[in-house]
Every structure is written in C-alpha cells, then in structure tokens.
Amino acid sequence: MFDIKISDTTIVDGSGNTPYRGDIGINSDRIIEIGDLSGVAAKRDLDGSGLTTLPGFIDTHSHADGVLLHAPQGVHSIAQGVTTEILTQDGMGWAPLSADKYEEHAKYLAGILGDPPLDLDMSSIKELRSHYDGKTGPNIAVLVPHGPVRLSVLGFTDAPLVGDHLKAAQELIYIGLQEGAVGLSTGLSYYPQSYSTTDELTALTDVIATNNSVYVTHVRNHNDDRAPEGSGIDEAMTIALRTGGKVHISHFMTRPNSAGEVAELMAPIDRAKESGADITLECYPYAANATIPGYFLRGQFHEGGLDGLLSNLKDSSLQDKLIDSLQNLFPGALEKAVFTRVVGEENRGLSGMSFVDVAAARGVPIEEMVIEVMKEEAASFGFRASTPASVATTRQVESDVMELLSRPDYMLGSDGIPLLEYEGLPHPRAYGSFARVIGPLRRRFGVPIEQITNRLTKLPAERFGLTDRGEIKVGNFADLVMLDEETVHDLATFEDPRTGPTGVYHVLVNGQPAVLDGQLTGDIAGRAIP
Ligand SMILES: [Zn+2]
C-alpha cells in the first residue's frame, strides 16, 4: 500500500536519459518504488496517462525571501512546478545580523526583498532558516549573503575587509555553512557588497572552496577599480582560478543590446574553464531585467546604509552628483524603466507607469523624479525595464536563452521578485520563467524534454548539494511535477504578471500534494534544505 501512486506516466527523471513509461510509488516523503506497480493499492491515485512526470523544478535564483514570510504558499513557484527556491541572492539578506542592524537593513533592501516582520530573530543562518522550515509551500535553501556578513563585522562602510575584519567574516561564512547554507552569495552592484575588493572576495571564497560549497555571484559593475585584474566576469574567473572553488554566475545572459552574441558572452567563461575554473551559470527567459534605484547610485551615496542614503538624497550640495550618477552609471536605462513595487499610499498609482511618464506628469527631468520618489518612498521601490520595441529582439534573447540552456553548465534562475497584491505589478519572471522554458520555448526550439529538464532539476541539485532531490529515483524525496508536455504554457504577462500557467496538473513537495488537478491545495510541506 502506497500513500500516493502515480500510474502509467511518462517519466523524465532529470538525469538527461530518455523518457520511459512507468508507475511511481510514494510513501511519506519519499519515492519508494518505480516500475509496473499495477498490483499495488494506494491511498491516493494520480492518473498519469497523457501526462509527463518530472522532478520538481529548482529555481537557482529567487528573491521571494519576504513574500514567503507573508504568503507562505509560494503561489508564484508552486503553480509552475517549482518545488525548491534558493534565496538570499546577490549578497542580499537579513542574517546574520543583530536586531537593530536587521531592522535597518531590511528597510534598505525592501525594494527587492519586501518587508519581513521586524520582530524575527535574524542573528544567525540557523535562525533565518527556521523562519521557513516547515512553513512554506516550496522547499527553500539559503546562501550566506555577503552584505550582512560585511555589516556584522565592519558596518555600512566604504572599505574592503582586511585583517581581523576579514578573519571575522570568514568565520561567519564558515558558521553559516555549518548551519545549513548551501553557499555564499555576492552582488557586486549592490551595497555594501560593492565596497569589497577582489582580494576580499578571494579570501571569503577560500572558505567556500575548502568546504566544497559554492560561490554565487552577480558580477561586478560598480567600483571597477576594486578589481584591478578586471571587473565583471573577469573578476569572477580570477576568483574561481585563485581558489579552485565552485563558482556559479547569476543571471548571465544576452540582453537586448547584445542579443545574438552568445559566443562573445561565453568566450571568457570557456577560456577560464580551459584553465581549470569550475563554473556554472544561470539565466531567465525574458528580455527585460528588474532592480532597485540604489543600483544607479555610486557607492559614496550608500555609506551609512539607509540613514546615510536618505540624508544624502536630501543634501542639496550633492544633487548634481546624484543626477550625474543616475544619468551616467548605466546611460539610457532610466528612460526604459517601469515602476513595479511602490507601497507608499500617495504613490501606489505609479506601479506599472514608465519613468518617462511619471517625470512628465511631475514636470521634472527623469533623474529628479527618481530622487523625489526615492525620498518619498524611503528608497524602497522597485522597477523593471520595458520590453524591447522590436519583438524580434525579444525572440532573439529567447533563442539565446535556449542556446545557453543547451550547455551542460547552465541552469534556470528566475531572479523573480514576486510581490504581494498591495505592493504593485511585478515582473512576470517570478510567475512564468519555468512554465515558459519547459513549455513554449522548449517546443519552439525543438529541445528534447529530457535535456532541458536536467538543467532545471538534477544539475542544480548536484551543484548546490541538495541531497536526494532533483532526480526521480528510488529513495529520493518525492518533489514532483506532472504536466502536459504539449500544452504547458506560461500565462504571466507584463500586463497581468501574477497569472499562473496552464498545463501543470499535479505538484508534490516532500510527498504532499501542493497542486491537484491544476488547483493549489494550500498544503504547506516545504522545508529548509538540504
Ligand atoms: Zn537577483
């Protein structure tokens, strides 16, 4: 007698091997038998005829940290068949931090991570994980975020970690790994992370390499002078070669202005690999990114954290420099931006509006509008890029994404920033990335389902040490998704970003049904893993 039996289904097991037909028997949270199980009864039968059963998807890059504390079901991911999300990305997170530092840093990061309850204990990675364990729809894994590590040992200060500060940071990373983190994350266009140097990052990654963990990095595009051997991807490759550790590159893909240039994008990666660098990467299937306004402000304006940033924004003697930073750090980007998260009551109508339109309505230049709204919203709003004017560009970026995912070192990280209803209109990538890749993009480009499934399941499970997950095999956890290969399709759009996909019928997390017959069950079976 099984608790659940999936009958007569096509099994794509995550290994990359050819799909086969069979039944899957589940007891408690594990797969206990695969084969012809027609003679064995079960408390619940899931008819798999006409459906394909895959390992639950693993989102290697999620910013659902805050949303999952308020809306724990994880509708954005569970409805797509995502059963594990890796949080605390880009060096952003709330632990390990003392109570007062947590409160201030949570407000500084709210534009991207949302508003967590401020009475939570975030003094350690162990405490952080406890706020999710057994309390969310999907499983979650966390990385030690570089930002809080720096805040703990040095404060929000424009200086690289050296000497005793560096040793203390290494110790915090080591403790975080002992407490269940699956790696270290940095985001080198966010603060205080961008105050670091290549030497600091190398020393911190040494701890990761020694413990056979993963260094996960959003590569540097701030403070290039802190990386004397080269900024951007070059710095990450330097760290990989110096430490010999595993390095995972966040959201590394072509963009509208580089669409079609996959060979150029990958050249430095492949060169480093030939020299022995151990690199994996991730991408998401949209031609528009999303971020927070602090991304456009140079390091000097961030010193002192949120208090420092807000007082700098109000300092009339700094206005010219602020405007210069907004105009020239990433030229042209603000002209393409659209508000996503805006929570202040006066400004909620801005969500979904372009920066150009809001600036025109206020009768000020775009940079001044951004400074005004940052002051009004305590710097905590978010925005995304508009989609390219040419559909051909979007389709080229999608083609590039599928070409990248054909490599055996590429995974899918949604970079999703799901928002609560009152927070505004999010980027659809949180609600559609996985359904989009496994459905329409796989079909359009004729990619074998076993190949793409491997990139979304077993590959990330192995890379991030998610034990007994990512593959349909006896003994593994029953994290499974059952979908119709021919019809599965994302429905989240920029106009209606929270619409769940079609064609996803059943989703199990640790053997518990999270979706049945296309409907969310409300069951909460996720764990803090590994
Ligand atoms: Zn991110």
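The centres of domain 2 and domain 3, taken over C-alpha atoms, are 25 Å apart. This is a predicted model, so please keep that in mind throughout. Where do the domains run? The domain assignment puts domain 2 at 90–136 + 145–249 and domain 3 at 292–385. Domain 1 is assigned in three pieces, 1–87 + 389–466 + 473–524.

Now the contact between domains 2 and 3. On the domain 2 side, 17 residues take part, and they meet 16 residues of domain 3. What classes of residue does domain 2 bring to domain 3? Its touching side has 7 nonpolar, 7 polar and 3 charged residues.

Next, a sheet. Three strands make up an open sheet, ordered β14-β16-β15, with antiparallel pairing. The edges are β14, at 290–291, and β15, at 337–339, and each of these pairs on one side only. Strand β16 covers residues 383–385 and is joined to β14 by 2 bridges. Within that pair, alanine 290 sits opposite arginine 384 of β16.

Last, the core. The largest nonpolar core has 155 residues, and the members touching the most others are Ile173 and Val504. Helix α3, residues 99–113, is the top contributor to this core, with 7 residues.

Which residues does valine 504 touch, leaving out those up to four places away in sequence? They are Ala79, Gln80, Gly81, Ala435, Val481, Leu483, Val488, Val515 and Gly518.

That is the tour.

Conventions. Residues are numbered from 1 along each chain as its sequence is written. This is a predicted model: local features need pLDDT of at least 70, side-chain atom pairs count only at pLDDT 80 or more; totals for chains, interfaces and linings use all residues. A nonpolar core is a set of buried Ala, Val, Leu, Ile, Met, Phe, Trp, Tyr and Cys residues joined through C-beta atoms within 7 Å. A residue is buried if 20 or more other C-beta atoms lie within 10 Å of its own, exposed if 12 or fewer, and partly exposed in between; C-beta atoms are placed from the backbone. Helices (H or I, at least four residues) and strands (E, at least two) are DSSP runs, numbered from the N terminus. Two residues are in contact if their C-beta atoms, placed from the backbone, lie within 7 Å. Two strands pair if DSSP finds at least two bridges between them. Domain bounds come from an automatic or database domain assignment. Ala, Val, Leu, Ile, Met, Phe, Trp, Tyr, Cys and Pro count as nonpolar, Asp, Glu, Lys and Arg as charged, and the others, Gly among them, as polar.
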